[in-house]
Structures are given as structure tokens and as C-alpha cells.
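Here is a short report on one protein model. Keep the sequence and the 3D view open as you read.

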Amino acid sequence: MTKHRSDEDDVRAATAPFQAEFPYERDEEAQVTRREFCNFLGLTSAALFFGATGFATKAALDAREAVSLSAAHIGGAENLAPNSSLNFGYPTERDSAILIRTADGAYHAYGQKCTHLSCPVYYSRDHERLECPCHEGAFDVTTGNVLYGPPPRALDVIEVEVREGQVWAIGRNVSAPKDGG
Ligand code: FES
């Protein structure tokens, strides 16, 4: 009776000379593979961690950045009646901003984008505060701080200065989140 040779026997016979020339252990190969996989996981985790940390750090720094900008005259501000407001653009015409002259005659200016979802805030003369019509957020007119509602941080403050009777915007401060994070 002829002995039946399985495919496996054929393969073993065919590869035997090569295995003698290039010996290897499957178990060791598997361990190397596991080690390499662990290294890969470690490196990937480290890359993700440092990437996320970098983004968080940049965001935190950006949130505290005081932007130095060239001064710009706010046209018509000198004729603004107390307890009223006017819109302007700063540092460019496309950067909508709002100037408020409070009842005591002082000027305050802010970026007009609500810090929640960017709806334009307006000045409420009745309540003497800045209000957001989208989700009922409100901001203090003298500081830009959140009074209530969902906004996570104060409005961007635009520094203003009165020079020889004219009102100038001279800088813009981006505020940090109200929880300090
Ligand atoms: S966009 Fe202003 S409260 Fe939501």
C-alpha cells in the first residue's frame, strides 16, 4: 500500500532545505511581532498624547493672547449719546465690534461675536448690558464678563482711548474661559 502524503508533508519536504539555510523559530517570531506591536502602540499613544497636549497648550495660549494692533479711529464715536452704542470694525472692517457709551459717559468696546456660537451681541439700553439674542446669554457692559447664559467666556475686549476728543481702538484682548481652563 502506498503511503498517502498530505499537502503538509509536501510543503515540509519542499521547504526543508531552505529552513536549514535560514532557520527561525515561529514562537520567537511571534514574540518579536508582539513586541513590535507593543512598541507601535506605545509610540502611537505617545504621539497622540503629545499632539493633544500641544493643541491644548496652543489653545490655552491663544485664549490668553493680547493682540497688539495698530490704532484705528472709530468714526462718529465722539457724537455717541450716553447709554447707546454703535457698530464698527476692528482690526479690519470685517471684524465686527460694538462700542458702548455708558450712562456715565465712559466708552467700552468688544468684539461683537458671542463666545457661545458667534451670534452678534447687541447693547440693551433698558438693561444696560450686552445681550445675545440666540440663547439668552448676557455680558457685563463694563468688563465684557459673562453675566448668565451659555457663553463659556467673556467677550473679546477692544481697548479704547480718547485722543483729543476722538475715540480710537488701540488693541484687542482675547479672554480666557470663565472656568479658567
Ligand atoms: S450664541 Fe450667544 S448665547 Fe448662544
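This is a predicted model: local features need pLDDT of at least 70, side-chain atom pairs count only at pLDDT 80 or more; totals for chains, interfaces and linings use all residues.

## Leu-99 and the cores

Look past the residues up to four places away in sequence, and Leu-99 still touches Ile-74, Ala-77, Leu-80, Ser-84, Ser-85 and Leu-86, among others. Further contacts of Leu-99 include Phe-88, Tyr-107, His-108, Ala-109, Val-160 and Val-167. Leu-99 belongs to the largest nonpolar core, which has 13 residues. Which members of this core touch the most other members? They are Ile-74, Leu-86, Phe-88, Leu-99, Ile-158, Val-167 and Ala-169. Four strands each supply at least two residues of this core: S2 (84-89), S3 (96-101), S4 and S10 (166-173).

Another core lies apart from the largest one. It has 12 residues, among them Ile-98, Ile-100, Val-121 and Phe-139. In soluble globular proteins, nonpolar side chains tend to be buried together.

## The whole protein

Now step back. The protein has 2 helices and 10 strands. Along the sequence, the pattern reads α-α-β-β-β-β-β-β-β-β-β-β. There are 181 residues, and 27% of them count as buried.

Contacts tell another part of the story. Take the contacts with a separation of 6 or more: 41% of them join residues 24 or more positions apart. The accessible surface comes to about 12,200 Å². Carbon and sulfur atoms account for 56% of that surface.

## Tyr-90, a buried loop residue

Tyr-90 sits in the loop between S2 and S3. Is Tyr-90 buried or exposed? Tyr-90 counts as buried because its relative accessibility is 1%, and the cut-off for buried is under 20%.

Arg-172 is 82 residues from Tyr-90 in sequence. In space, their C-alpha atoms are 8.4 Å apart. The side chain of Tyr-90 also has a polar atom 3.3 Å from the backbone nitrogen of Gly-171.

S5 and S6 run antiparallel and are joined by 3 bridges. The hairpin of S5 and S6 has 4 residues between the strands. In this hairpin, Glu-128 takes a positive phi near 50°.

S6 is also joined to S7 (residues 137-139) by 3 bridges, and these two strands run antiparallel as well. Here Glu-131 stands opposite Ala-138 in S7. The hairpin of S6 and S7 has 4 residues between the strands. Glu-136 takes a positive phi near 60° there.

What about the two faces of S6? In a regular strand, side chains alternate between the two faces of the sheet. S6 spans residues 129-132, and both of its faces are covered. Arg-129 and Glu-131 are buried on one side. Leu-130 and Cys-132 are buried on the other.

## The disulfide and other cysteines

How many disulfides does the structure hold? It holds 1. Cys-119 and Cys-134 form it, with their sulfur atoms 1.8 Å apart. The angle about the S-S bond is -95°, and the link is left-handed. Cys-119 lies in the loop between S4 and S5, and Cys-134 lies in the loop between S6 and S7, so the pair ties together parts that are 15 residues apart in sequence. A disulfide is a covalent bond between the sulfur atoms of two cysteines.

Cys-114 has 4% relative accessibility, and Cys-132 has 6%.

Gln-112 lies in the loop between S4 (107-111) and S5 (122-124). Its relative accessible area is 10%, so Gln-112 is buried. What does Gln-112 contact, leaving aside neighbours within four places in sequence? The contacts are Asn-87, Ser-96, Ala-97, Ile-98, Cys-119, Pro-120 and Val-121. Cys-119 is also one of the disulfide partners. Ile-98 and Val-121 are both among the residues of the core of 12 residues.

How values were computed:
Residues are numbered from 1 along each chain as its sequence is written. Side-chain values use heavy atoms; hydrogens and water are left out. Buried means under 20% relative accessible area, exposed over 50%, partly exposed in between (1.4 Å probe, protein chains only). Contact means heavy atoms within 4.5 Å. Two strands pair if DSSP finds at least two bridges between them. A disulfide is a pair of cysteine sulfur atoms within 2.5 Å. A nonpolar core is a set of buried Ala, Val, Leu, Ile, Met, Phe, Trp, Tyr and Cys residues joined through side-chain atoms within 4.5 Å. A polar contact is a pair of N or O atoms within 3.5 Å; within protein, one must be able to donate a hydrogen and the other to accept it, and residues adjacent in sequence count only if both atoms are side-chain atoms. Accessible areas come from the Shrake-Rupley method with a 1.4 Å probe; for residues, only the protein chains shown count as cover.
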